[in-house]
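Subject: Structure handover

Hello,

Here is the structure you were waiting for. Please open it first, then read my notes below.

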Amino acid sequence: MVSFYVLRSHGLRGKPSRTPSLTLFVIRSLCYQTHQHNFLANSKQPAFSSTSSSPSPPQSLVKTVCSMVLESYYQQFHLRSSPPRLNLQIDIDSLTHEQSITVVASLANEAGSMVALSFFYWAIGFAKFRHFMRLYIVCATSLISNGNFERAHEVMQCMVSSFAEIGRLQEGFCMVIEMSNNGLPLITSTLNRVMGIACEMGLVEYAEEVFDEMCARGVCADASSYKLMVVAYCRIGRVKEADRWLSAMLDRGAILDNATLTLLITAFCDKGFVSRAFWYFDKMTVKGLKPNLINFTSLISGLCKRGSIKQAFELLEEMVRKGWKPNVYTHTVLIDGLCKKGWTEKAFRLFLKLVRSDNYKPNVHTYTAMISGYCKEEKMNRAEMLLERMKEQGLLPNTNTYTSLIYGHCKVGNFERAYELMDLMGKEGCTPNIYAYNAIIDGLCKKGRVQEAYELLKKAFQLELHADKITYTILLSEHLKQAETKQALGLFCRMVKAGLNPDIHAYTTLIAAFCRQKKMKESEIFFQEAITAGLFPTKETYTSMICGYLRDGNISLAVKYFQRMNQIGCAPDNITYGALISGLCKQSKLDEACQFYESMIDKGISPCEVTRVTLAYEYCKQGDSATVMIILESLDKKLWIRTVNTLIRKLCSEKRVGMAALFFHKLLDKDQNVDRVSLAALKNACYESNKYALFCDLSQRITEGIG
C-alpha cells in the first residue's frame, strides 16, 4: 500500500504504473478528518443551522463559511457563469487547509455539487490552497459520491493544470490514474488535458507516454489527441515526428483545421520539406477542408523560400480562382521570393501594383523585402530611394530594414555609409542589434579586414551584445578561407562552450572547408555529428559532401550521398547536379552523366552553362557531335547560341579545331550574326594547328553570307 505522501515525496518521476497502488481505503484515509468534522457538525443539527449548543471555534468558522458560500451562491445563481463566482469576505489566513476540505465535503453533501464546486474554485484562487492536493481529492471524491462524474473530471483537470505550474505534472497525472482505479473512469478529455499541458511545457516525450497509457487502459484517443502531438512537434521543429503522428491521425479519418494546417505548412517548409507540406495541403483539400487565405499564403511563402517561384504563382492563381484575394502579406512573400531569386525587376513591378492598389498598401516588411533585394544586387541608389519613400509614407524602418542596407553598403565596400546607418538607427530609437553588427563584420571579413572586424565585435560586446551563431559562422568561414583550420576549430569549440549549439550552417561551413582540402574523414565526422545533434543537412551540406568525394575521386560515395539527399526529400539544385555531372565526366562515365542531366531536365531544373558545356565537350572529345546536338536541342535559340559559342571557345583552347569548325557551321545555320570572340578564337586555333583550310572555308561562307 502506497500512501499519497510517499507518492508526493518521490515526485512520481517515472512512468505511472498501470497497477492500482492507491486503494479506496487510502483515499478515504486522506479525508478521514474531513468526515469527522462532518459527523460532529451534523450529529445534532443541520450543518448550516445558525444556532449551535457550544461549537468549537474551528467548527464555528466552517459553519460560517458554509453559510457565506450559500448566500453568495444564490445571490449570483441567476448569472450565466457556471458555477457562479463567489464573493466571500473571509480572511484567507484564518481558514486552515483542514477546514477548507471540510467545507467542500459538507457543501457537496448538504447543498449539492455546484455549490461545492463554487467554493472549490474560490479556494484555489489563492496560493494557499491552489497546490493543496487533498482539496482536489476530497472535492472530486465528493462529486463522485453525488454521481457527478463530469464535474469530478473538471476538478481533476484543474488539479493537473495547477500542479503543472510548479513542475509537478507527473504527480498530478498519477493521481488521475489512481482516481480511475477508485471510481472515476478515465475519459479522453482529461487525458488530452494532461497531454496538452505536457506539450506546452515542452515535455513531448512524456505526452507520448500519456498517450500510450491512454491506449493501454482502453480509452479511445480522438482527433484532438493526435492534433496535440502534431502541433507540439511542429512547434519545436521536429517535423519527422509530426509527420508520423499526422499520418496516424489521417489513417483514422480525421482532418486538420485551418490553423493547424498553417502551423504544419510553416514548420515543414522551414525545414525544407516543402513537397511534403504541399502533399498535406492537397490531402486536406481532398478530405473536405477549405483552405483559407492564410493557408495559401503560408504555402506560397514556403515555395518562395525554396525558390519555386513559378509554382508559387501557379498556387496564387489557384487561390484567386477559389475566391481569395491576395493581401499585402501574400504580395510581400512573393516580392521577397522574387528578390531572393535575383528577379528584382519583376519584384518591383509587383511592388508598384501594390502601391497603386486601393485596398492594400506596402507595409514595412514589403519595403524591407524590396530594399533587401536591391542590396543583394548592389543597386544601392534604388535601395536608398526606397528608404526615403517609406519614410515619406510614414513607415518607420525597422532593424531588418537597416541591417539590409548596412549589408548592401558593406558588400560594395562603402563602410562609411554603413557606419552612418548604424548611428542613424540609434538616433531613430532603433538600437543596432548583433545582426546589424554581423552585417558589417561579414563585409569586413570579405574585404580581408579581419582585424577591424574583431575590433568592431569588441565594441558590440561593450554594448552588452553577445555573439550569436551567425557571428561565429562568419568568423569560422573567414579563418577556413585562409586555411587557418586550428583557429576555426577553436572558434567552433568556443561557440559550443558559450551555450550556442552550432546550427547546420556552421556545420556546413566546416564540412565544406574540409571537403575542399580533401579531408573526407573529418567531413564525415562533422556530418554525422550534425545528424546526431538533431540537425537536418541542407542541400548545401550534401552538395559539399558530394563535391568533396568527387575531388577525392570517389564517385560511388558521391552518388550515394546524392541518393540519400533525394530519399530524405532534400531537393538538389543545378549546382548539385552540375558537380555530379562534372565529376562523372572527368571519370569518362558519360552514360551516367547523361542520365543525371536528363533527370535534371525532367525535374524542371535548368542546368547552368558550365554543366551544359562540360557534358557537350566530353562528347565532342569522343567525336560524338550527334549526342551533343541532342543535349542542346531542348534549349531556346538565345541560350543555344550562347552555349555553342562557349563550347567553340573551349574546343579552340584545347586545339580541337575540327569539332570547333563543325559547330561554328551549325551556329551559322542558326544565326548569321557572327560572334567575333568565337571567330577570333577559331582563327588563332586553326593557324596554331596549321589547319588554314578550315578557317578559309568558314571565312568564305561568312563573307558570302551563306547560311
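This is a predicted model: local features need pLDDT of at least 70, side-chain atom pairs count only at pLDDT 80 or more; totals for chains, interfaces and linings use all residues.

A helix here is a DSSP run of H or I with at least four residues, and helices are numbered from the N terminus.

**Overall form**

The protein has 40 helices and 0 strands. Its radius of gyration is 36 Å, while the globule rule gives 27 Å for 707 residues, so the protein is more spread out than a compact globule. The C-alpha trace spans about 135 × 60 × 55 Å along the principal axes. Of the contacts with a separation of 6 or more, 63% join residues 24 or more positions apart.

**Surface and charge**

Buried residues account for 50% of the 707. The exposed surface comes to about 34400 Å², and carbon and sulfur atoms supply 52% of that area. There are 84 positive and 68 negative charges. Their mean positions lie 1 Å apart.

**The core**

In soluble globular proteins, nonpolar side chains tend to be buried together. In this model, the largest nonpolar core has 228 residues. Which residues have the most contacts inside it? They are Phe 119, Phe 120 and Ile 406. Helix H8 (residues 133-145) gives the most to this core, with 9 residues.

Take Phe 120 next. Beyond its neighbours within four places in sequence, Phe 120 contacts Val 104, Leu 135, Tyr 136, Cys 139, Val 155 and Cys 158.

**Two residues to look at**

Start with Ser 100, in helix H5 (residues 97-110). Is Ser 100 buried or exposed? Its relative accessible area is 0%, and buried means under 20%, so Ser 100 is buried. Leaving out residues up to four places away in sequence, Ser 100 touches Leu 95, Phe 119, Phe 129, Phe 132 and Leu 135. One of these, Phe 119, is among the residues with the most contacts inside the largest core. Another, Leu 135, is also in contact with Phe 120.

Apart from neighbours within four places in sequence, Met 201 is in contact with Ala 164 and Leu 169.

Best wishes

Notes: Residues are numbered from 1 along each chain as its sequence is written. Side-chain values use heavy atoms; hydrogens and water are left out. Helices (H or I, at least four residues) and strands (E, at least two) are DSSP runs, numbered from the N terminus. The radius of gyration is taken over C-alpha atoms; the globule rule is 2.2 Å times the number of residues to the power 0.38. Buried means under 20% relative accessible area, exposed over 50%, partly exposed in between (1.4 Å probe, protein chains only). Contact means heavy atoms within 4.5 Å. Accessible areas come from the Shrake-Rupley method with a 1.4 Å probe; for residues, only the protein chains shown count as cover. Lys and Arg count as positive and Asp and Glu as negative; His and the chain ends are not counted. The place of a charge is taken as NZ of Lys, CZ of Arg, CG of Asp or CD of Glu. A nonpolar core is a set of buried Ala, Val, Leu, Ile, Met, Phe, Trp, Tyr and Cys residues joined through side-chain atoms within 4.5 Å.
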